[in-house]
Amino acid sequence: MTTTILLSERSGPVKKLRAEGHIPAVVYSSRMDSEHVTVPEKEIRASLKRNPRAILNVTLPSKTKQPVIVHQVQKDCLTGQLLHIDFLQINMKEQLDTSIAVHFTGEAKGTKEGGILQIETHEVMIRCMPNKLPKHLAIDISKLNIGEHITIADLKVPKHVEVLSDPETILVTILGMQKLVDAVEPTAEQADEAALSKA
């Protein structure tokens, strides 16, 4: 836990706060009341870039220091501007249930043969002690052929991490061109039903 961020008491219009480089945020906890604060945009952007699931040591307006993780980030879909941050206060002595990103490495063999890479799931739920929280989980997709897929069960996770998501959930698949057309074009029966519904 190397990052410490000073949170300030929230006051004034949120538009003005954002213009001044402060992002509205809330710190949630099961042991204390939620606190409405602001976080410096420059610092939280840098932290999210390094590791969006990192444990942060924040100093609250009351000068109390708490370990937290970023629970949710709201951004403007057009500009990418940070709009709001939800922090979740954690207990370093208790196991943590949280989602974590899956990174796909390598170039799938099937895509070289004309297949289309389709990512179905970007994150999985895991449980571990906070100090054992990995930055992400990675899986090599280079041997994946057309028509093949990888599920959560195929992930190799550290021994101190328990995967909570359904192991049969598909992470990524390689579609052939015909299957891709079938996936995007309605069948004749579906087209007829659509035409009748408009009549």
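Me: D86 is buried yet has no salt bridge; which side chain of opposite charge is nearest, and how far away is it?

Reply: The model is predicted: local features need pLDDT of at least 70, side-chain atom pairs count only at pLDDT 80 or more, and totals for chains, interfaces and linings use all residues. Residues are numbered from 1 along each chain as its sequence is written, and side-chain values use heavy atoms, leaving out hydrogens and water. D86 is buried (under 20% relative accessible area; exposed is over 50%, partly exposed in between; 1.4 Å probe, protein chains only) and has no salt bridge (a side-chain nitrogen of Lys or Arg within 4 Å of a carboxyl oxygen of Asp or Glu). With Lys and Arg counted as positive, Asp and Glu as negative, and His and the chain ends not counted, the nearest side chain of opposite charge is R10, at 7.1 Å.

Me: Which side chain does D86 join in a polar contact?

Reply: D86 sits in strand β7, residues 82-89 (strands are DSSP runs of E, at least two residues, and helices runs of H or I, at least four, numbered from the N terminus). Leaving aside residues up to four places away in sequence, D86 touches V26, Y28, I69, V70, H71 and Q72 (contact means heavy atoms within 4.5 Å). A polar contact is a pair of N or O atoms within 3.5 Å; within protein, one must be able to donate a hydrogen and the other to accept it, and residues adjacent in sequence count only if both atoms are side-chain atoms. At 3.2 Å, the side chain that D86 joins in this way is that of H84.

Me: Strand β7 pairs with β6; which residue of β7 stands opposite I69?

Reply: β6 and β7 run antiparallel and are joined by 7 bridges (two strands pair if DSSP finds at least two bridges between them). Their hairpin has 6 residues between the strands, and G80 in the turn has a positive phi of about 80°. In that pairing, the residue of β7 opposite I69 is L88.

Me: What is the bridge partner of I55 in β6?

Reply: Strand β5 (residues 55-59) pairs with strand β6 (residues 65-75) in the antiparallel sense over 5 bridges. Between these strands the hairpin has 5 residues, of which K63 takes a positive phi near 75°. L56 stands opposite V68 in β6, while the partner of I55 is I69.

Me: Which strands stand at the edges of the sheet of 7 strands?

Reply: Strands of a sheet pair through backbone hydrogen bonds, either parallel or antiparallel. This open sheet has mixed pairing and runs in the order β1-β5-β6-β7-β3-β4-β2. Each edge strand has a single partner, so one side of it is left without a neighbour in the sheet; the edge strands are β1 (4-6) and β2 (8-9).

Me: In the open sheet of 4 strands, which residue of β13 does I126 face?

Reply: The order there is β11-β8-β10-β13, with mixed pairing. β11 (137-140) and β13 (162-163) are its edges, each with a single partner strand. β10 and β13 pair in the antiparallel sense over 2 bridges, and opposite I126 stands V163.

Me: How many salt bridges does the structure hold?

Reply: Side chains of opposite charge can pair when their charged atoms come close. Among these pairs, K16 and E20 meet at 2.5 Å, N to O, with K16 partly exposed at 48% and E20 at 47%. The number of salt bridges in the structure is 4.

Me: What share of the 199 residues is buried?

Reply: The protein has 5 helices and 14 strands. Of its contacts between residues at least 6 apart in sequence, 62% join residues at least 24 apart. Buried residues make up 35%.
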